[in-house]
Amino acid sequence: MEKILVIGSAGQIGSELVVSLRKIYGNENVVASDLRTDEIGKLSANGPYEILDITNRADLEQVVDKYGINAIINMAAILSAVGEKFPMKAWDVNMNGLINVLEVSRDRKIERVLVPSSIAAFGPETPKDNTPQETILRPTTMYGVTKVAGELLCNYFVEKLDVDVRGLRYPGIISNETLPGGGTTDYAVEIYYEAIKNKKYTCFVSSDTRLPMMYMPDCLKATIDLFQADFGKLKHHSDFNVGAMSFSVEELAASIKKYIPEFEIDYKPDYRQMIAESWPRSVDDSLARKEWGWEPEFDLDAMTRDMLKVVGEKHEKGLI
Ligand code: VAH
C-alpha cells in the first residue's frame with residue numbers, strides 16, 4: 001500500500017498533484033503538507049494535511065513516522081525570480097530541504113522519492129534549441145544552481161546510497177487552479193487572467209522571448225508517469241528533460257486573440273528578462289519518451305481554449 005507524502009502541496013503543481021494522486025491511491029494514502037496554513041481548507045478537505053517546514057528534519061521525520069510514509073514527492077522550492085531576491089533562502093529551502101528529504105528517505109528506507117528539477121538547470125552556454133539531455137549546466141540563477149546541485153545530489157543517493165530517486169526538468173508550467181509563486185515563467189499564466197479580466201496585459205519579458213512550456217494536465221501526467229515508472233528500467237534518474245511545446249510571448253498573445261480579438265499586450269521587460277534569456281528555447285525529451293513512455297497531449301491552441309474557458313468561468317463566478 002502506497003503512503004505518499006507530498007511536500008509543498010499548497011504550490012502551483014503540488015496542489016493539483018495531491019488531487020490527482022488521491023484519485024489514484026485513495027484520499028487517506030496521500031498526505032499533503034506545506035509550510036503555509038492558508039490553504040488548509042482545500043488540501044485537508046478530503047485527506048490528511050500537515051504543516052511541515054522541509055528545513056526542519058525533526059518535523060519531516062515526525063510526519064513520515066506518523067503515517068508510515070513509503071514514498072515522498074518533494075515539490076517545495078523557492079523559484080527563479082524570488083530566488084534572485086533571496087538567494088540564501090532559496091539555497092536553504094531548495095538544498096537543505098532536499099538533504100533532509102534524501103537523508104530521511106535513506107534512514108527510513110523510503111521506497112521511492114521524486115524530486116523535480118527544471119530547465120533552470122541550463123544556462124547561457126547551453127545549446128538553446130532542442131537542448132540535449134547531457135549538456136553544459138552553468139545556470140546564472142541561484143534557483144538554477146540549486147537545481148544542478150540537486151540533480152547531482154539525487155544521483156549520488158541513487159548510485160552510492162541505494163535510494164530510489166527520480167526527477168524531471170520541468171519547463172514553464174501553465175495552470176488555472178493555483179497561481180504560480182515567483183517564477184520567471186509566471187507571465188504565461190498571468191496573461192490569461194489579465195486577458196479575461198481586463199482584455200490587456202503588460203508583459204515583463206519581451207515579445208520574442210521563447211521558452212519551453214507545458215500545460216498542467218501534461219505536467220501531472222509526466223510527474224505521475226515517472227513516479228510510477230519501473231526504476232530498474234531507468235538509465236537516467238533525477239534529471240529527465242521533458243517537453244510539450246515552445247512558444248514566444250507574441251505567439252501566446254496571438255493564440256489568445258483568436259478568442260478575444262480585442263485583447264492587447266504591451267511589454268516592460270524587467271530583471272526576469274535576463275533569467276529567461278539564459279534558458280533554452282526548446283528541449284530534446286527523447287530519453288524520457290524512450291525510458292518511461294513520456295508523451296504530451298496539449299499544444300498551445302488546446303491549452304489556450306481550456307485556460308480561457310476555466311479562467312472565464314472563475315471570473316463569471318466572481319472568484320478572480
Ligand atoms: C520558474 N516556473 O519560472 C519556474 C520554472 C522553468 C522555470 O522552474 O522559476
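On a 1 Å grid over the protein atoms alone, a pocket is an open set of points where a 1.4 Å probe fits, with protein on both sides within 12 Å along at least five of seven lines, and lining residues have an atom within 4 Å of a point. The model here is predicted, so local features need pLDDT of at least 70 and side-chain atom pairs count only at pLDDT 80 or more, while totals for chains, interfaces and linings use all residues. Residues are numbered from 1 along each chain as its sequence is written, and side-chain values use heavy atoms, with hydrogens and water left out.

The second largest pocket holds about 180 Å³ of space. Its lining runs to 11 residues, with Ser 15, Glu 16, Val 19, Lys 42 and Glu 177 nearest the centre.

Now for the rings: six aromatic pairs turn up in the structure (Phe, Tyr or Trp rings, the six-membered one for Trp, with centres within 6.5 Å; planes under 30 degrees apart are stacked, over 60 edge-to-face, the rest tilted). Tyr 25 and Phe 227 make an edge-to-face pair, since their ring centres sit 6.3 Å apart with planes at 90°. Tyr 25 is buried at 17% relative accessibility, and Phe 227 is buried too, at 0% (buried is under 20% relative accessible area, exposed over 50%, partly exposed in between, with a 1.4 Å probe and protein chains only). Phe 227 also has Arg 112 over its face, 5.0 Å from the ring centre (NZ of Lys or CZ of Arg within 6 Å of the centre and within 35 degrees of the ring normal). Likewise, Arg 272 lies over the face of Phe 204, at 3.4 Å.

Notes:
Points joined across faces, edges and corners; volume = space filled by probe spheres on them.
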